[in-house]
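Trainee: Could we look at this model together and go through it one question at a time?

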Amino acid sequence: MLQSSPLKVFVTGGAGYIGSHVVLALGEAGHEVLVYDNLSTGSRAAVLHGELVVGDLADNILLRETLERFRPDAVMHFAASIEVGESVRAPLKYYRNNSANALNLLEAVRAAGIDRFIFSSTAAVYGNPPVVPVTEEAPLNPINPYGASKLVTETMLRDLAAADPAFSYVSLRYFNVAGADPFTRLGQDYANPTHLITRALKTALGIFPKLQLFGTDYPTPDGTCIRDYIHVADLAQAHLDALAYLCSDMGTCTGTGSAGACPPSLICNCGYGRGFSVNEVVAMAREVTGIDFPIETAGRREGDPAELVAASDRIRRTLGWQPRHDDLEFILKTAWAWEKKLADKQSGR
Ligand code: UFG
(Lines give C-alpha, C1' and ligand atoms only; values in the text may rest on other atoms or scores of the structure.)
Protein backbone atom coordinates (compact mmCIF):
# COMPACT_ATOMS: atom_id res chain seq x y z
CA MET A 1 0.00 0.00 0.00
CA LEU A 2 1.22 3.53 -0.77
CA GLN A 3 0.15 5.42 2.34
CA SER A 4 2.81 5.58 5.05
CA SER A 5 2.48 9.01 6.69
CA PRO A 6 0.87 9.29 10.14
CA LEU A 7 -2.92 9.40 10.15
CA LYS A 8 -5.57 10.35 12.71
CA VAL A 9 -7.80 7.42 13.54
CA PHE A 10 -10.98 7.48 15.64
CA VAL A 11 -11.49 4.05 17.20
CA THR A 12 -14.78 3.01 18.78
CA GLY A 13 -14.41 0.10 21.19
CA GLY A 14 -10.66 0.67 21.40
CA ALA A 15 -10.62 -0.40 25.07
CA GLY A 16 -11.91 -3.88 24.22
CA TYR A 17 -10.07 -7.05 23.27
CA ILE A 18 -9.56 -6.59 19.53
CA GLY A 19 -9.76 -2.80 19.52
CA SER A 20 -6.99 -2.46 22.11
CA HIS A 21 -4.62 -4.63 20.07
CA VAL A 22 -5.34 -2.50 16.99
CA VAL A 23 -4.80 0.73 18.95
CA LEU A 24 -1.41 -0.56 20.10
CA ALA A 25 -0.47 -1.49 16.52
CA LEU A 26 -1.62 1.95 15.29
CA GLY A 27 0.56 3.57 17.95
CA GLU A 28 3.56 1.48 16.99
CA ALA A 29 3.03 2.50 13.37
CA GLY A 30 3.10 6.20 14.39
CA HIS A 31 -0.59 7.02 13.95
CA GLU A 32 -2.56 9.37 16.20
CA VAL A 33 -5.51 7.68 17.92
CA LEU A 34 -8.62 8.72 19.80
CA VAL A 35 -10.47 5.87 21.47
CA TYR A 36 -14.22 6.31 22.04
CA ASP A 37 -15.47 3.59 24.39
CA ASN A 38 -18.19 3.34 27.05
CA LEU A 39 -16.05 0.87 29.05
CA SER A 40 -19.02 -1.52 29.34
CA THR A 41 -16.72 -4.46 28.61
CA GLY A 42 -13.40 -2.75 27.86
CA SER A 43 -10.99 -1.23 30.35
CA ARG A 44 -9.03 1.97 30.61
CA ALA A 45 -5.85 -0.02 31.29
CA ALA A 46 -6.11 -1.66 27.85
CA VAL A 47 -5.69 1.65 26.01
CA LEU A 48 -1.92 1.74 25.61
CA HIS A 49 -1.80 4.55 23.08
CA GLY A 50 -3.63 7.79 22.32
CA GLU A 51 -6.49 9.58 24.05
CA LEU A 52 -9.49 7.83 25.62
CA VAL A 53 -12.91 9.49 25.64
CA VAL A 54 -15.39 7.55 27.77
CA GLY A 55 -18.62 7.83 25.85
CA ASP A 56 -21.51 5.92 24.38
CA LEU A 57 -22.37 5.71 20.72
CA ALA A 58 -25.96 6.53 21.67
CA ASP A 59 -24.75 9.90 23.02
CA ASN A 60 -25.04 11.87 19.80
CA ILE A 61 -23.86 15.14 21.30
CA LEU A 62 -20.62 13.79 22.77
CA LEU A 63 -20.01 11.64 19.69
CA ARG A 64 -20.36 14.56 17.29
CA GLU A 65 -18.36 16.95 19.48
CA THR A 66 -15.55 14.43 19.75
CA LEU A 67 -15.45 13.78 16.01
CA GLU A 68 -15.49 17.53 15.28
CA ARG A 69 -12.67 18.15 17.72
CA PHE A 70 -10.43 15.26 16.65
CA ARG A 71 -11.13 15.50 12.89
CA PRO A 72 -9.93 11.98 12.02
CA ASP A 73 -8.82 10.78 8.61
CA ALA A 74 -10.60 7.49 9.23
CA VAL A 75 -12.88 5.72 11.68
CA MET A 76 -12.51 2.13 12.90
CA HIS A 77 -15.67 0.74 14.47
CA PHE A 78 -15.15 -2.13 16.96
CA ALA A 79 -17.68 -1.29 19.68
CA ALA A 80 -20.26 -4.08 19.73
CA SER A 81 -21.81 -6.94 21.64
CA ILE A 82 -20.18 -10.15 20.47
CA GLU A 83 -21.62 -13.29 22.03
CA VAL A 84 -23.59 -15.60 19.77
CA GLY A 85 -25.41 -17.40 22.62
CA GLU A 86 -26.39 -14.17 24.38
CA SER A 87 -27.67 -12.72 21.10
CA VAL A 88 -30.19 -15.55 20.84
CA ARG A 89 -31.47 -14.80 24.35
CA ALA A 90 -31.34 -10.99 24.11
CA PRO A 91 -31.69 -10.06 20.43
CA LEU A 92 -32.73 -6.44 20.97
CA LYS A 93 -29.53 -5.73 22.87
CA TYR A 94 -27.70 -6.77 19.69
CA TYR A 95 -29.84 -4.69 17.35
CA ARG A 96 -29.40 -1.72 19.72
CA ASN A 97 -25.64 -2.00 20.22
CA ASN A 98 -24.62 -3.35 16.83
CA SER A 99 -27.15 -1.89 14.39
CA ALA A 100 -28.78 1.23 15.89
CA ASN A 101 -25.52 2.53 17.38
CA ALA A 102 -23.74 1.93 14.07
CA LEU A 103 -26.41 4.06 12.39
CA ASN A 104 -25.76 6.86 14.90
CA LEU A 105 -22.06 6.60 14.23
CA LEU A 106 -22.43 6.62 10.45
CA GLU A 107 -24.67 9.69 10.58
CA ALA A 108 -22.15 11.47 12.80
CA VAL A 109 -19.26 10.38 10.57
CA ARG A 110 -20.90 11.76 7.44
CA ALA A 111 -21.98 14.95 9.23
CA ALA A 112 -18.30 15.47 10.16
CA GLY A 113 -17.24 14.94 6.54
CA ILE A 114 -15.23 11.77 7.26
CA ASP A 115 -15.18 9.47 4.27
CA ARG A 116 -13.11 6.44 5.28
CA PHE A 117 -14.51 3.74 7.54
CA ILE A 118 -13.32 0.31 8.70
CA PHE A 119 -15.95 -1.99 10.13
CA SER A 120 -15.56 -5.04 12.40
CA SER A 121 -17.89 -7.48 10.73
CA THR A 122 -18.09 -11.20 11.33
CA ALA A 123 -18.17 -14.61 9.73
CA ALA A 124 -21.50 -14.98 11.49
CA VAL A 125 -23.10 -13.12 8.54
CA TYR A 126 -22.76 -16.36 6.53
CA GLY A 127 -24.75 -18.56 8.90
CA ASN A 128 -24.20 -22.18 7.86
CA PRO A 129 -22.32 -21.70 4.58
CA PRO A 130 -23.12 -24.27 1.87
CA VAL A 131 -19.46 -24.43 0.80
CA VAL A 132 -16.39 -24.26 3.06
CA PRO A 133 -13.95 -22.46 2.90
CA VAL A 134 -16.48 -19.68 2.51
CA THR A 135 -15.80 -16.83 0.06
CA GLU A 136 -17.06 -13.29 0.40
CA GLU A 137 -19.61 -13.99 -2.37
CA ALA A 138 -21.34 -16.74 -0.38
CA PRO A 139 -25.00 -16.18 0.50
CA LEU A 140 -25.56 -14.11 3.64
CA ASN A 141 -27.92 -16.05 5.88
CA PRO A 142 -27.08 -15.40 9.52
CA ILE A 143 -28.53 -17.96 11.92
CA ASN A 144 -28.28 -15.84 15.05
CA PRO A 145 -29.16 -12.23 15.96
CA TYR A 146 -25.45 -11.43 16.43
CA GLY A 147 -24.73 -12.14 12.76
CA ALA A 148 -27.99 -10.50 11.66
CA SER A 149 -27.25 -7.33 13.67
CA LYS A 150 -23.81 -7.02 12.03
CA LEU A 151 -25.30 -7.66 8.60
CA VAL A 152 -27.60 -4.66 9.11
CA THR A 153 -24.49 -2.47 9.41
CA GLU A 154 -22.87 -4.06 6.37
CA THR A 155 -26.06 -3.27 4.45
CA MET A 156 -26.05 0.35 5.63
CA LEU A 157 -22.43 0.68 4.55
CA ARG A 158 -23.13 -0.80 1.13
CA ASP A 159 -26.05 1.53 0.54
CA LEU A 160 -24.23 4.58 1.89
CA ALA A 161 -21.22 3.98 -0.36
CA ALA A 162 -23.53 3.52 -3.36
CA ALA A 163 -25.35 6.78 -2.63
CA ASP A 164 -22.27 8.75 -1.68
CA PRO A 165 -19.26 8.18 -3.95
CA ALA A 166 -16.99 10.19 -1.65
CA PHE A 167 -17.41 7.51 1.03
CA SER A 168 -15.34 4.29 1.08
CA TYR A 169 -15.26 1.50 3.61
CA VAL A 170 -13.58 -1.81 4.32
CA SER A 171 -15.66 -4.41 6.10
CA LEU A 172 -13.54 -7.10 7.75
CA ARG A 173 -15.41 -10.31 8.44
CA TYR A 174 -13.61 -11.81 11.41
CA PHE A 175 -13.52 -15.53 11.95
CA ASN A 176 -12.54 -16.75 15.44
CA VAL A 177 -10.16 -14.23 16.93
CA ALA A 178 -7.97 -15.58 19.72
CA GLY A 179 -4.56 -15.30 21.35
CA ALA A 180 -2.90 -12.31 22.97
CA ASP A 181 -0.20 -9.77 22.26
CA PRO A 182 3.04 -11.79 21.81
CA PHE A 183 4.73 -9.54 24.42
CA THR A 184 1.85 -10.11 26.89
CA ARG A 185 0.99 -6.42 27.12
CA LEU A 186 -2.66 -7.08 26.22
CA GLY A 187 -5.14 -9.92 25.94
CA GLN A 188 -8.77 -10.80 26.48
CA ASP A 189 -10.06 -9.61 29.83
CA TYR A 190 -13.84 -9.97 30.17
CA ALA A 191 -15.68 -10.54 33.42
CA ASN A 192 -17.47 -13.60 32.07
CA PRO A 193 -15.71 -14.86 28.95
CA THR A 194 -17.58 -17.29 26.72
CA HIS A 195 -15.06 -18.00 23.95
CA LEU A 196 -13.66 -21.49 23.70
CA ILE A 197 -9.94 -20.79 24.08
CA THR A 198 -10.37 -18.41 27.01
CA ARG A 199 -12.76 -20.83 28.75
CA ALA A 200 -10.38 -23.73 28.22
CA LEU A 201 -7.38 -21.87 29.64
CA LYS A 202 -9.31 -20.53 32.62
CA THR A 203 -10.45 -24.09 33.28
CA ALA A 204 -6.80 -25.17 33.21
CA LEU A 205 -6.12 -22.51 35.84
CA GLY A 206 -8.97 -23.83 38.00
CA ILE A 207 -11.06 -20.67 37.58
CA PHE A 208 -13.85 -22.76 36.05
CA PRO A 209 -14.45 -26.32 37.34
CA LYS A 210 -14.78 -27.86 33.87
CA LEU A 211 -15.03 -27.03 30.18
CA GLN A 212 -18.31 -27.91 28.51
CA LEU A 213 -18.19 -29.12 24.91
CA PHE A 214 -21.26 -27.66 23.24
CA GLY A 215 -22.38 -30.37 20.85
CA THR A 216 -20.60 -33.54 19.77
CA ASP A 217 -23.11 -34.60 17.11
CA TYR A 218 -22.35 -32.06 14.38
CA PRO A 219 -21.77 -33.31 10.81
CA THR A 220 -17.98 -32.91 11.17
CA PRO A 221 -15.29 -35.62 11.38
CA ASP A 222 -15.21 -35.70 15.21
CA GLY A 223 -18.73 -34.34 15.79
CA THR A 224 -17.59 -30.98 17.26
CA CYS A 225 -17.79 -27.58 15.56
CA ILE A 226 -14.97 -26.41 13.32
CA ARG A 227 -13.66 -22.84 13.39
CA ASP A 228 -10.87 -20.83 11.77
CA TYR A 229 -8.87 -19.37 14.69
CA ILE A 230 -6.92 -16.21 13.83
CA HIS A 231 -4.32 -14.58 16.05
CA VAL A 232 -5.37 -11.15 17.28
CA ALA A 233 -2.05 -9.58 16.22
CA ASP A 234 -2.59 -10.75 12.63
CA LEU A 235 -6.09 -9.32 12.76
CA ALA A 236 -4.65 -6.03 14.02
CA GLN A 237 -2.30 -5.99 11.04
CA ALA A 238 -5.30 -6.51 8.72
CA HIS A 239 -6.72 -3.23 10.09
CA LEU A 240 -3.50 -1.38 9.41
CA ASP A 241 -3.50 -2.79 5.89
CA ALA A 242 -7.12 -1.72 5.41
CA LEU A 243 -6.26 1.77 6.64
CA ALA A 244 -3.32 2.02 4.25
CA TYR A 245 -5.60 0.86 1.43
CA LEU A 246 -8.36 3.39 2.19
CA CYS A 247 -5.89 6.22 2.63
CA SER A 248 -3.57 5.36 -0.26
CA ASP A 249 -5.00 8.29 -2.22
CA MET A 250 -4.93 10.82 0.64
CA GLY A 251 -5.31 14.32 -0.66
CA THR A 252 -6.44 13.25 -4.10
CA CYS A 253 -9.78 11.66 -3.26
CA THR A 254 -12.43 13.32 -5.42
CA GLY A 255 -15.16 10.73 -5.19
CA THR A 256 -15.89 11.17 -8.87
CA GLY A 257 -14.88 7.73 -10.04
CA SER A 258 -12.13 9.31 -12.14
CA ALA A 259 -8.39 8.96 -11.59
CA GLY A 260 -7.65 9.94 -8.01
CA ALA A 261 -11.04 8.76 -6.74
CA CYS A 262 -11.40 7.03 -3.36
CA PRO A 263 -10.32 3.40 -3.41
CA PRO A 264 -13.34 1.17 -3.96
CA SER A 265 -15.03 -0.22 -0.89
CA LEU A 266 -14.08 -3.75 0.04
CA ILE A 267 -15.39 -6.69 2.04
CA CYS A 268 -12.75 -9.19 3.19
CA ASN A 269 -12.76 -12.36 5.25
CA CYS A 270 -10.19 -12.42 8.06
CA GLY A 271 -9.12 -15.97 8.74
CA TYR A 272 -6.28 -18.28 7.75
CA GLY A 273 -8.30 -20.75 5.70
CA ARG A 274 -7.80 -23.67 8.06
CA GLY A 275 -10.26 -25.10 10.55
CA PHE A 276 -9.84 -26.84 13.91
CA SER A 277 -12.54 -28.71 15.78
CA VAL A 278 -13.44 -28.01 19.40
CA ASN A 279 -11.79 -31.34 20.32
CA GLU A 280 -8.58 -30.35 18.52
CA VAL A 281 -8.47 -27.00 20.33
CA VAL A 282 -9.00 -28.73 23.68
CA ALA A 283 -6.20 -31.20 22.93
CA MET A 284 -3.84 -28.34 22.04
CA ALA A 285 -4.87 -26.39 25.15
CA ARG A 286 -4.03 -29.41 27.31
CA GLU A 287 -0.68 -29.77 25.56
CA VAL A 288 0.28 -26.10 25.87
CA THR A 289 -0.75 -25.83 29.53
CA GLY A 290 0.44 -29.31 30.50
CA ILE A 291 -2.83 -29.62 32.43
CA ASP A 292 -5.40 -32.33 31.80
CA PHE A 293 -8.32 -30.07 32.77
CA PRO A 294 -11.79 -31.60 33.08
CA ILE A 295 -14.24 -31.51 30.19
CA GLU A 296 -17.89 -32.44 29.95
CA THR A 297 -20.04 -33.17 26.93
CA ALA A 298 -23.01 -30.82 26.78
CA GLY A 299 -25.83 -30.12 24.34
CA ARG A 300 -25.49 -27.87 21.32
CA ARG A 301 -25.35 -24.13 21.97
CA GLU A 302 -28.12 -22.31 20.12
CA GLY A 303 -26.99 -20.32 17.09
CA ASP A 304 -23.75 -22.25 16.44
CA PRO A 305 -22.97 -23.16 12.81
CA ALA A 306 -21.18 -26.51 12.33
CA GLU A 307 -18.21 -25.27 10.32
CA LEU A 308 -16.82 -21.81 9.56
CA VAL A 309 -13.54 -21.55 7.68
CA ALA A 310 -12.47 -18.53 5.63
CA ALA A 311 -11.38 -18.34 2.04
CA SER A 312 -8.70 -15.72 2.60
CA ASP A 313 -7.38 -15.05 -0.91
CA ARG A 314 -9.07 -11.68 -1.23
CA ILE A 315 -7.52 -10.02 1.82
CA ARG A 316 -4.08 -11.30 0.88
CA ARG A 317 -4.46 -10.08 -2.71
CA THR A 318 -6.20 -6.73 -2.24
CA LEU A 319 -4.73 -5.56 1.06
CA GLY A 320 -1.40 -7.40 0.83
CA TRP A 321 -2.12 -8.97 4.22
CA GLN A 322 0.63 -11.35 5.33
CA PRO A 323 -0.24 -13.17 8.54
CA ARG A 324 2.68 -14.07 10.82
CA HIS A 325 1.04 -16.27 13.45
CA ASP A 326 -0.90 -18.91 11.51
CA ASP A 327 -0.26 -21.51 14.18
CA LEU A 328 -2.82 -22.79 16.71
CA GLU A 329 -0.07 -23.65 19.18
CA PHE A 330 1.27 -20.06 19.10
CA ILE A 331 -2.26 -18.70 19.52
CA LEU A 332 -2.71 -20.85 22.61
CA LYS A 333 0.76 -20.08 24.00
CA THR A 334 0.21 -16.32 23.84
CA ALA A 335 -3.29 -16.65 25.34
CA TRP A 336 -1.87 -18.88 28.09
CA ALA A 337 0.89 -16.38 28.96
CA TRP A 338 -1.79 -13.68 29.23
CA GLU A 339 -4.13 -15.80 31.38
CA LYS A 340 -1.29 -16.60 33.77
CA LYS A 341 -0.40 -12.90 33.99
CA LEU A 342 -4.05 -12.02 34.77
CA ALA A 343 -4.25 -14.75 37.40
CA ASP A 344 -1.01 -13.56 39.03
CA LYS A 345 -2.33 -10.01 39.08
CA GLN A 346 -5.59 -11.10 40.64
CA SER A 347 -3.85 -13.10 43.34
CA GLY A 348 -1.58 -10.13 44.05
CA ARG A 349 1.60 -11.93 42.98
N1 UFG B 1 -17.52 -23.83 22.70
C2 UFG B 1 -17.58 -24.88 23.58
N3 UFG B 1 -17.47 -24.63 24.93
C4 UFG B 1 -17.28 -23.37 25.41
C5 UFG B 1 -17.21 -22.29 24.49
C6 UFG B 1 -17.33 -22.56 23.16
O7 UFG B 1 -17.76 -26.03 23.19
O8 UFG B 1 -17.20 -23.21 26.64
C9 UFG B 1 -17.63 -24.10 21.26
C10 UFG B 1 -18.79 -23.35 20.62
O11 UFG B 1 -20.00 -24.06 20.77
C12 UFG B 1 -18.30 -23.27 19.17
C13 UFG B 1 -16.78 -23.13 19.32
O14 UFG B 1 -16.48 -23.62 20.63
O15 UFG B 1 -18.56 -24.45 18.52
C16 UFG B 1 -16.30 -21.70 19.21
O17 UFG B 1 -17.10 -20.91 20.07
P18 UFG B 1 -16.69 -19.45 20.53
O19 UFG B 1 -17.70 -19.00 21.53
O20 UFG B 1 -15.26 -19.44 20.93
O21 UFG B 1 -16.78 -18.60 19.21
P22 UFG B 1 -18.00 -18.47 18.16
O23 UFG B 1 -17.69 -19.36 17.01
O24 UFG B 1 -19.33 -18.63 18.78
O25 UFG B 1 -18.00 -16.92 17.79
C26 UFG B 1 -16.87 -16.30 17.37
C27 UFG B 1 -16.99 -14.81 17.58
C28 UFG B 1 -17.92 -14.21 16.62
C29 UFG B 1 -17.66 -14.68 15.21
C30 UFG B 1 -17.63 -16.16 15.15
C31 UFG B 1 -17.33 -16.60 13.78
O32 UFG B 1 -17.40 -14.50 18.91
O33 UFG B 1 -17.75 -12.83 16.67
O34 UFG B 1 -16.65 -16.61 16.05
O35 UFG B 1 -17.03 -17.94 13.75
F36 UFG B 1 -18.63 -14.27 14.41
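The questions below turn to the ligand and then to one helix.

Mentor: This is a predicted model, in which local features need pLDDT of at least 70 and side-chain atom pairs count only at pLDDT 80 or more, while totals for chains, interfaces and linings use all residues. Residues are numbered from 1 along each chain as its sequence is written, and side-chain values use heavy atoms, with hydrogens and water left out.

Trainee: How many residues surround the ligand?

Mentor: A residue is near a molecule if one of its heavy atoms lies within 4 Å of it. The closest are Thr122, Asn176, His195, Arg301 and Asp304, and the number of residues surrounding the ligand is 22.

Trainee: Which strand gives the most to the shell around the ligand?

Mentor: Helices (H or I, at least four residues) and strands (E, at least two) are DSSP runs, numbered from the N terminus. Helix H6 (196-204) and strand S8 (211-214) each supply at least two residues of the shell. With 4 residues, the one that gives the most is S8.

Trainee: Why does the distance between the end C-alpha atoms of helix H10 agree with its number of residues?

Mentor: The expected span of a helix is 1.5 Å times one less than its number of residues. Helix H10 (residues 328-346) has 19 residues and so should span 27 Å, which agrees with the distance between its end C-alpha atoms, 27 Å.

Trainee: Which residue caps the N-terminal end of H10?

Mentor: A polar contact is a pair of N or O atoms within 3.5 Å; within protein, one must be able to donate a hydrogen and the other to accept it, and residues adjacent in sequence count only if both atoms are side-chain atoms. Here a side-chain oxygen lies 3.0 Å from the backbone nitrogen of Glu329, and the capping residue that carries this oxygen is Asp327.
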